[in-house]
Amino acid sequence: MEKTKIAFFDAKDYDRNSFIKANEKEEYEINYFETRLTEATVKLADGYDVVCVFVNDDINRRVIDRLCAMGVKLIALRCAGYNNVDVEYAYGKIHVVRVPAYSPYAVAEHAMALLLTSVRRIHKAYIRTKDFNFSLNGLTGFDLHGKTVGIIGTGKIGRIFSDICKGFGMHVIAYDKFPAEGSGIEYVPLEEIWRQSDIISFHCPLTDENRHMVNEKTIAEMKKGVVLINTSRGALIDSEALVEGIKQRKIGAACLDVYEEESNVFFHDYSNHIVDDDTLARLISMPNVIVSSHQAFLTEEALSNIADTTLDNVKEFFSTQYSKNEVCYKCPSVSECKQKHDKKCF
Ligand code: NAI
């Protein structure tokens, strides 16, 4: 029997290692392309059954049309978020599967790592002591104990982050578009998150509705000195408004694992280049901004789960024409999807 052929885009060394291990029995023929999947590169998918993509591949209408015309049957996202795929346009044409959870602990722990680094000035101390500068001037932080943290999105990652914060003795309040009844979470309206929080952490998906939810107006509603943590998706924050908010000393610090224009720069080494993005350059130049390049998921455990689930999704899809991890814009949940479409989204 011919092996299912997978065109793997935006491949990095760590992806290769985990997928080679997950494909130990060589059930699949996987070809790794370093380039992202875009309109310009989609021709590489010719002759494949599946394209395997990540957060910065751009699967727009034209890419979907080309994939369908070439006979590609499945878009297998090796991530949870799918804002980079036009799922509405894909409906009825090509199936889309994702990895809904690989290690929510990895992301929640990274959010706390960024927060601690920021408020205890570890990023500054590290550079100083490397240069044998043992001065403490300018390194004063603040206790997290007793501070109010506002969590936006109380799904898998948001809840783990909440538990971590509670361990630090913080007061946790939360906003979710779909609050979990009976969960014991203290939900408040979004305006109260802005008004009450000393720290705000984003753990919701990016949608058309919440794009730039942090903007000039909402920053004005926040507490002076607020610390923002974004490990979710960059475009939740209007980056130019963020720069202004920091310049006006309204925002005390920003911890960013994601950035709205990240697809042009993240995951690549530009250390010998002049970066064209002035907003990113300005943010990085600020002493109270920490940027990591979409690294929150990057643990051994998460990479192994991503590889296993992605290949399981492919296997399930080709053996049953159904995947429990299908992304369908019409179905609010997989269980409803199954009922409506006899286990298939279309
Ligand atoms: P989840 O699906 O378990 O939880 C998301 C929560 O957000 C749900 O409770 C949902 O009701 C809520 N929500 C949906 N729309 C909302 C809105 N407009 N406003 C407020 N809440 C809303 O997702 P999970 O696994 O907790 O992941 C959260 C986000 O983290 C993902 O959407 C993704 O963008 C990001 N992520 C980032 C990674 C990284 O490496 N930086 C890795 C994995 C996920």
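Which residues do ring pairs link into a cluster? Ring pairs join Phe-54, Tyr-102, Phe-267 and Phe-297. The legends below describe a predicted model, in which local features need pLDDT of at least 70 and side-chain atom pairs count only at pLDDT 80 or more, while totals for chains, interfaces and linings use all residues. Residues are numbered from 1 along each chain as its sequence is written, and side-chain values use heavy atoms, with hydrogens and water left out.

**View A. Aromatic pairs, with Phe-8 and Tyr-32 as an example.** Rings of Phe, Tyr and Trp (its six-membered ring) pair if their centres lie within 6.5 Å; planes under 30 degrees apart count as stacked, over 60 as edge-to-face and the rest as tilted. By this rule the count is 10 aromatic pairs. Phe-8 and Tyr-32 form a tilted pair, with 4.9 Å from centre to centre and 50° between the planes. This pair links distant parts of the chain, 24 residues apart: Phe-8 belongs to strand E1 (residues 4-8) and Tyr-32 to strand E2 (residues 28-32). Helices (H or I, at least four residues) and strands (E, at least two) are DSSP runs, numbered from the N terminus. Phe-8 counts as buried because its relative accessibility is 0%; buried means under 20% relative accessible area, exposed over 50%, and partly exposed in between (1.4 Å probe, protein chains only).

**View B. Lysine charges over tyrosine rings at Tyr-48 and Tyr-89.** A charge sits over a ring if NZ of Lys or CZ of Arg is within 6 Å of the ring centre and within 35 degrees of the ring normal. The charged end of Lys-5 is placed over the ring of Tyr-48, at 5.2 Å from the ring centre. For Lys-93, the charged end sits over the ring of Tyr-89, and the distance to the centre is 3.8 Å.

**View C. The second largest pocket.** On a 1 Å grid over the protein atoms alone, a pocket is an open set of points where a 1.4 Å probe fits, with protein on both sides within 12 Å along at least five of seven lines; lining residues have an atom within 4 Å of a point. The volume of the second largest pocket is about 300 Å³. Its lining has 17 residues, and the closest to the pocket centre are Phe-266, Leu-280, Ile-284, Val-291 and Ser-293. The volume is the space filled by probe spheres set on the points, which are joined across faces, edges and corners. At least two lining residues come from each of helix H5 (122-130), helix H10 (278-285) and strand E11 (289-291). The lining divides into 13 nonpolar, 3 polar and 1 charged residues, where Ala, Val, Leu, Ile, Met, Phe, Trp, Tyr, Cys and Pro count as nonpolar, Asp, Glu, Lys and Arg as charged, and the others, Gly among them, as polar.

**View D. Contacts of Leu-303 and Val-107.** Contact means heavy atoms within 4.5 Å. Leu-303 lies in helix H11 (residues 300-320) and is buried, with a relative accessible area of 10%. Not counting residues up to four places away in sequence, Leu-303 touches Tyr-14, Ser-18, Phe-297 and Leu-298. The C-alpha atoms of Leu-303 and Tyr-14 are 7.8 Å apart, although 289 residues separate them along the chain. Val-107, in helix H4 (residues 104-119), counts as buried at 8% relative accessibility. Apart from neighbours within four places in sequence, the contacts of Val-107 are Ile-157, Thr-231, Ala-296 and Phe-297. From Val-107 to Ile-157, 50 residues away in sequence, the C-alpha to C-alpha distance is 6.7 Å.

**View E. Positive phi at His-212 and His-294.** His-212 is not a glycine, yet its phi is positive, at about 60°. The loop between strand E8 (199-202) and helix H8 (216-221) holds His-212, which counts as partly exposed at 26% relative accessibility. His-294, also not a glycine, has a positive phi of about 50°. His-294 is found in the loop between E11 and H11 and counts as buried at 7% relative accessibility.

**View F. Surroundings of Arg-36.** Arg-36 is placed in the loop between E2 and strand E3 (50-53) and counts as partly exposed at 23% relative accessibility. Leaving aside neighbours within four places in sequence, Arg-36 is in contact with Phe-9, Asp-10, Thr-41, Asn-56, Asp-57 and Ser-263.
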